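Please consult the sequence and the model shown here while reading.

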Amino acid sequence: MFRLRSQAGKPFLILALLLVAWLILPPTIKRLGKNALYEFQAPSAILASGVEDIGSYWSVRTRSKRDLIETGKELSRLNALYRVQAGETTALREYNLRLRDLLDMPPSPGFRYEVAQVVRRDLSNWWQRLIIRKGRDSGIVPGAGVIFDGGVVGRVREVYAYTSTVELLSSRTFRMAAHFEGDTRPVRYEGIPVPSLRNPKGSVRDVPSDLFASPEDPLSLVSSYLGGVFPDGLHIGEVRFLETDSSGLFQQGSVILNERLLDLHEVTVLIPADAVAEEIFNQSP
Amino acid sequence: MQWLKRFSINLPEAPAYRMKILRQGFIILAVNWIVLFLILELNSLLSPLGLYLVVGGLFVVYPAFHMNPLGGLAVALLTGALWDAVTPAPFGLHLFLLGGLFAGLYRLRHRLRSRRAFHQAVVACGANFLIVLFLTIWFVPAAHLLDYSSRFLIELVFSEVLVFVLSLWMFPLQERCVLLIGAQPTPEEIN
């Protein structure tokens with residue numbers, strides 16, 4: 001009987017010994033092991049993304065020439081519009097620089113934009129992150145801001161050889177400085193658990209008590225340059241309700257995030273491109 | 001010393017046997033890894049719905065019931081390490097979680113082991129429930145518990161259904177793969 005029990009208990013004993021060995025193992029070796037296993041599996045995620053690309057290519061191939069010509073015409077119209085808007089943006093940027101020179105203001109941080117494809121969305125109750133198809137090879141750095149056409153996406157967390165992981169805005173460990181549109185006073189944005197079958201949400205804290213939000217007149221929360229990671233004014237979400245917090249001095253409320261955040265296919269990484277941006281970025285927590 | 005000898009792993013010295021254990025472990029690990037990859041892709045597709053499915057219970061049933069303790073534990077630990085690498089969880093969490101589940105199932109294998117697919121599926125569902133529960137407790141937030149627990153319940157139901165359905169395909173696949181490479185374990189090897 002004892003023989004049988006000891007046989008059955010062997011895995012427990014081995015596991016206990018392994019656990020002790022694991023606890024005394026230096027973190028560097030654990031980190032090395034995790035990175036090696038991640039890099040070993042990274043091609044599978046890229047392969048799946050490649051297969052998806054081939055699928056969309058063949059679905060486009062099945063469309064008629066007439067459809068493609070129509071789409072081409074529409075794209076050329078959009079291109080013309082974007083060229084005009086790009087010209088306006090350049091003029092506004094130069095005007096902004098001249099005003100800054102006149103007022104002796106410090107230059108604003110500059111970013112390089114790196115567009116990356118999302119290869120996997122890993123959005124659970126415990127963590128919210130994306131894996132993108134660009135890494136050290138494209139100059140991505142940990143902590144860099146990530147955006148899309150609907151606003152802020154999150155922040156780069158880990159960078160590998162050809163891929164990076166992005167902590168999403170809805171992740172509950174995500175924090176950033178923000179402010180409301182039309183109001184320069186800073187507030188704190190925090191991610192909260194995302195419920196199933198509903199839109200992602202976040203929370204906003206330290207809101208000045210004179211601000212008011214309602215479903216009819218919601219406040220738009222935008223990014224602040226204070227963190228050094230994002231440029232000013234990028235959309236985060238909408239606040240429809242504010243209540244006084246436990247201190248009684250400030251207000252807090254929930255932020256309704258863009259529902260497309262859970263189904264992203266392409267994002268843009270903001271890489272600090274000049275000395276000012278790098279200095280602010282390196283000082284940020 | 002006598003006590004320690006009782007716990008030592010008695011592997012026959014024959015190289016052919018060792019190779020058989022290696023082949024068996026490798027093929028089961030490969031199947032586990034493919035299923036892990038497919039589930040990660042499925043979760044990526046389900047992300048707009050706010051659903052994330054966990055099927056960890058599938059990875060320990062075959063090693064615990066049909067492999068020898070050393071080979072089975074190695075497969076469970078390596079699957080856990082592969083799972084750890086693709087999640088932001090602390091490295092070692094899934095590794096020891098699967099290792100602990102393997103040890104528990106191995107200890108109870110005489111009571112739980114069955115050739116019937118339904119029984120194995122029920123064991124996989126039970127193991128999966130423990131994994132989801134453990135992770136939910138491990139990552140419990142300080143606030144917003146209502147949203148957190150409601151999502152836990154919804155995902156648990158979907159995960160258990162998926163584990164049950166997948167186990168009807170995966171365990172026969174593992175058995176067939178082991179048979180194909182000629183590494184089917186004998187009852188003496190399992191025990």
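How close do the axes of helix α5 (residues 93–107) of chain B and helix α7 (residues 117–138) of chain B come, and at what angle do they cross? In this predicted model, the two axes come within 11 Å and cross at roughly 145°. The crossing of α5(B) past α7(B) is right-handed. On the α5(B) side, the contact involves L93(B), H94(B), L97(B), L98(B), L101(B) and L105(B); on the α7(B) side, V123(B), A127(B), L130(B), I131(B), F134(B), L135(B) and W138(B) take part.

A further helix pair joins the two chains. The axes of helix α2 (residues 27–61) of chain A and α4(B) come within 8 Å and cross at roughly 80°. Because angles of 65 to 115 degrees count as roughly perpendicular, α2(A) and α4(B) are described as roughly perpendicular to each other. From α2(A), the residues K34(A), L37(A), Y38(A), F40(A) and Q41(A) meet A81(B), L82(B), D84(B) and A85(B) of α4(B).

The two contacts divide by residue class as follows.

Is T79(B) buried or exposed? T79(B) counts as buried because its relative accessibility is 1%, and the cut-off for buried is under 20%. Its side chain reaches the backbone oxygen of V75(B) at 2.7 Å. Leaving aside neighbours within four places in sequence, T79(B) is in contact with L29(B), N32(B), F59(B) and L98(B). Of these, L98(B) is also one of the α5(B) residues that meet α7(B).

Methods. Residues numbered from 1 in each chain as written. Chains lettered and ligands numbered in written order. Predicted model: local features only at pLDDT ≥ 70, side-chain atom pairs only at ≥ 80, totals over all residues. Heavy atoms only, no water. Buried < 20%, exposed > 50% of the residue type's maximum accessible area, 1.4 Å probe, protein only. Polar contact = N/O pair within 3.5 Å; in protein donor to acceptor, adjacent residues only side chain to side chain. Contact = heavy atoms within 4.5 Å. Axes fitted to C-alpha atoms, helices over the stretch in contact; angles between N-to-C directions. Helix = DSSP H or I, 4+ residues; strand = E, 2+ residues; numbered from the N terminus. Parallel < 35°, antiparallel > 145°, perpendicular 65-115°, else oblique. Left-handed = near helix turned anticlockwise from the far one by under 90°.
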